[in-house]
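Hi,

Here is the model I said I would send over. Have a look first, and my notes on what turned up follow below.

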Amino acid sequence: MEGLSRLEYRGYDSAGFACIHPEDNRLRYVKAEGKLHNLVAQLELFPVDGFTGIGHTRWSTHGASSVRNAHPHFDCEKAISIVHNGIIENHNELKSRLLQTGHSFHSDTDTEIVAHLFESLSKTHKTFKSAVVDLVSYLQGAYAFIAIMQDQPDMMVLVRKRSPLCIGIGDDEMFVASDMLAFAGKTNKVLFLPDESFSLVRKDMIELYYFDGTSLPMQVQEVQVSWDTYEKQGHDHYMLKEIYEQKGAIHDTVDFLHTVHDRIWDNMGVTAQDIVQLNSINLLGCGTSWHAGYIAQFFFEQICMIPARLHLASEFRHMPLFAQSNSLYVAISQSGETADTLEGIRLIKSMSFATVALTNVSSSTMVRECDGFILTQAGREIAVASTKSFSTQIAALYWLANRIALEKKIITSAQMEQAEEDLLVVAEILENCIENYKMQIMQTYAKQYAQYSKMIFLGRHISYPFALEAALKLKEIAYIFATSYPAGELKHGPLALIDADMMTFVFSHPDPIVYQKIVSNVQEIKARDGKVTAFAFEDQQQLIDIVDVAFVIPRVKPLLGSLAMTGLMQFLFYAIAKELDCPIDKPRNLAKSVTVE
Ligand code: F6R
């Protein structure tokens with residue numbers, strides 16, 4: 001259960017556990033809907049135990065989040081039990097064939113077909129090994145699954161294609177998981193299953209094969225990963241704790257990058273010469289990480305003066321990939337496990353371009369698969385909604401843009417030091433803004449904003465991607481609909497939505513020209529009796545005077561304006577979600593890390 005709780009970041013729709021009872025060698029299992037604590041409660045009522053067991057926490061892909069669809073799944077005889085991550089894309093076709101041959105199904109999942117297919121193949125093959133070789137020839141998609149069987153009570157079958165799977169080698173015991181964090185503290189000896197491989201594992205023996213059945217050499221690594229438990233330290237939610245950790249996390253990130261200043265290109269898997277010749281940069285990510293990349297696009301273009309292209313990782317694989325020499329592909333991902341981003345990296349690598357992971361997790365798949373990496377120092381983020389990982393990504397990308405500019409001799413060492421100093425100052429402002437408005441938000445504003453069911457978020461230039469991030473935060477934790485536009489786009493259509501029930505948030509910009517345009521856009525809303533809340537910078541009096549509510553932020557360098565607003569925005573939306581009594585740390589339908597495409 002401890003191991004499973006560490007993997008709950010991959011999903012918390014349901015959980016289950018199965019093991020082979022040592023006395024009769026029969027499979028026993030327990031499943032529960034919802035979060036892992038429900039399974040723990042079930043296990044207290046109906047204890048099961050054994051020497052070989054598998055467990056799973058689910059993020060629903062096929063079929064509702066019910067007990068029926070919770071893993072593990074079984075074959076007809078309930079003699080084979082399977083847990084699975086990923087998606088079997090041709091499950092419909094396989095299911096029809098299995099139904100025709102008399103199999104009966106008890107869930108709506110794609111996973112269950114694997115158990116039935118394995119059941120029928122085991123009957124026609126002399127060895128498990130040849131049954132698995134046959135099995136994988138039927139399966140399409142990305143998958144990592146573990147099977148246990150009554151026939152072989154001391155063995156596990158592991159199969160991996162694209163989704164991660166690793167074996168922790170203990171003393172007369174083995175651990176298998178999608179992430180080695182699950183068994184951190186038990187062993188540091190790890191074997192990461194290569195792509196398209198399978199393994200037969202016993203407590204003291206591992207066999208490893210390619211999908212075609214030929215033996216694979218085993219590469220056991222010693223990896224130091226520890227698991228620390230994190231308390232809320234007096235905060236009501238992890239999200240609030242993490243909002244307040246941002247100042248320290250930005251400091252740690254800047255300090256860390258400062259110490260690797262001279263060897264950064266080595267860490268990133270490139271040379272100083274590559275950087276001097278760099279004439280474009282490509283950024284890739286999903287969700288909040290994509291928003292951080294969007295903001296960073298402005299850094300690379302304005303500070304390093306090279307074109308930056310931003311890619312949504314979930315769309316990237318379906319778009320034409322134009323070969324660009326002297327370019328760098330930076331994948332941005334807090335977890336380093338997001339399937340869409342990983343698939344993007346694999347595509348880029350297949351075309352022999354250099355890939356760099358900007359991530360918060362040093363033991364992640366992305367660090368292993370990319371040519372190099374940059375680590376943010378956010379510390380473990382537990383709340384599903386990203387807060388400190390977003391601000392540290394922005395800080396790291398701002399630092400990187402300056403570091404590239406230094407290598408290209410666009411800026412001086414003194415300017416590089418100033419950039420680091422500016423980040424530290426902004427980190428201070430980020431926290432001060434929360435403190436300045438905390439009481440008013442808790443006592444007044446949270447209640448007022450909680451009454452709206454829809455909002456429009458506007459920004460311009462760098463504050464537009466920030467508006468996108470703000471809308472995402474509000475939607476995921478408070479379940480309030482919010483849509484974002486570049487402020488100048490409102491008049492091209494969405495202005496029709498403005499009425500007394502619509503709240504518009506405007507995120508200003510320190511630059512005077514951009515600011516003036518924002519003021520004009522707000523006036524267009526006020527002329528139609530719309531309600532407007534502004535995040536404005538000090539001295540932006542015209543904007544402060546025309547809006548209904550203004551949160552005023554100290555002046556910072558224009559490119560760091562959004563970072564300065566980050567804490568206050570997150571705190572305000574946290575307070576709204578709290579007012580609405582939402583499960584802030586684990587919002588419905590979501591997972592901390594999305595490991596399917
Ligand atoms: C939102 C959020 C998500 C993630 C996205 C990518 O608060 O956390 O949008 O940013 O799923 O995750 P990573 O950064 O782990 O690749």
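Pro72 sits in the loop between β3 (52-58) and β4 (73-74); helices (H or I, at least four residues) and strands (E, at least two) are DSSP runs, numbered from the N terminus. The peptide bond leading from His71 into Pro72 is cis, with omega near 0°.

Before the rest, some housekeeping. This is a predicted model, so local features need pLDDT of at least 70 and side-chain atom pairs count only at pLDDT 80 or more, while totals for chains, interfaces and linings use all residues. Residues are numbered from 1 along each chain as its sequence is written, and side-chain values use heavy atoms, with hydrogens and water left out.

Now the ligand, which I guess is what you'll open up next. Which residues come nearest to it? Of the 14 residues around the ligand, those are Ser289, Ser333, Ser335, Thr338 and Glu476, where being near a molecule or strand means having a heavy atom within 4 Å of it. That shell divides into 4 nonpolar, 8 polar and 2 charged residues. Two helices, α10 (287-304) and α16 (463-478), each supply at least two residues of the shell.

- Ser335: an N or O atom of its side chain is 2.6 Å from an oxygen atom of the ligand.
- Ser386: a polar side-chain atom lies 2.7 Å from a ligand oxygen.
- Lys473: a side-chain N or O atom is 2.9 Å from an oxygen atom of the ligand.

The ligand exposes 410 Å² when taken alone, and the protein buries 91% of that. Those areas come from the Shrake-Rupley method with a 1.4 Å probe; for residues, only the protein chains shown count as cover.

On to helix α19 (residues 561-579). Its 19 residues should span 27 Å at 1.5 Å a residue, and the end C-alpha atoms are 28 Å apart, which agrees; the expected span is 1.5 Å times one less than the number of residues. There is also a kink of about 30° in α19, centred on Gly567, the bend at a residue being the angle between axes fitted to the seven residues ending there and the seven starting there. Is α19 mostly covered or mostly exposed? Mostly covered: 17 of its 19 residues are buried. Buried means under 20% relative accessible area, exposed over 50%, and partly exposed in between (1.4 Å probe, protein chains only).

Asp581 follows α19 and has a positive phi, near 60°. Asp581 counts as exposed because its relative accessibility is 69%. Asp539 is another non-glycine residue with a positive phi, near 75°. You'll find Asp539 in the loop between β22 (531-537) and α18 (541-546), and at 63% relative accessibility Asp539 counts as exposed.

A few buried spots are worth a click. Asn282 lies in strand β14 (residues 280-285) and counts as buried, at 1% relative accessibility. What does the side chain of Asn282 make a polar contact with? The partner is the side chain of His311, at 2.7 Å. A polar contact is a pair of N or O atoms within 3.5 Å; within protein, one must be able to donate a hydrogen and the other to accept it, and residues adjacent in sequence count only if both atoms are side-chain atoms.

Ile456, in strand β19 (residues 454-459), is buried at 0% relative accessibility. The C-alpha atoms of Ile456 and Met502 are separated by 7.3 Å, although the two residues are 46 apart along the chain. Gly336 is in the loop between β16 (327-333) and α12 (339-350) and is also buried, at 0%. From Gly336 to Ala357, 21 residues apart along the chain, the C-alpha separation is 7.6 Å.

Last, two long-range pairs. Ile206 belongs to strand β12 (residues 205-210) and is buried at 13%; its C-alpha is 33 Å from that of Asn92, 114 residues apart along the chain. Arg380, in the loop between β18 (372-375) and α14 (388-407), is partly exposed at 26%. Arg380 and Gly53 are 327 residues apart in sequence and 28 Å apart in space, C-alpha to C-alpha.

Cheers

How values were computed: Nonpolar A, V, L, I, M, F, W, Y, C, P; charged D, E, K, R; others polar.
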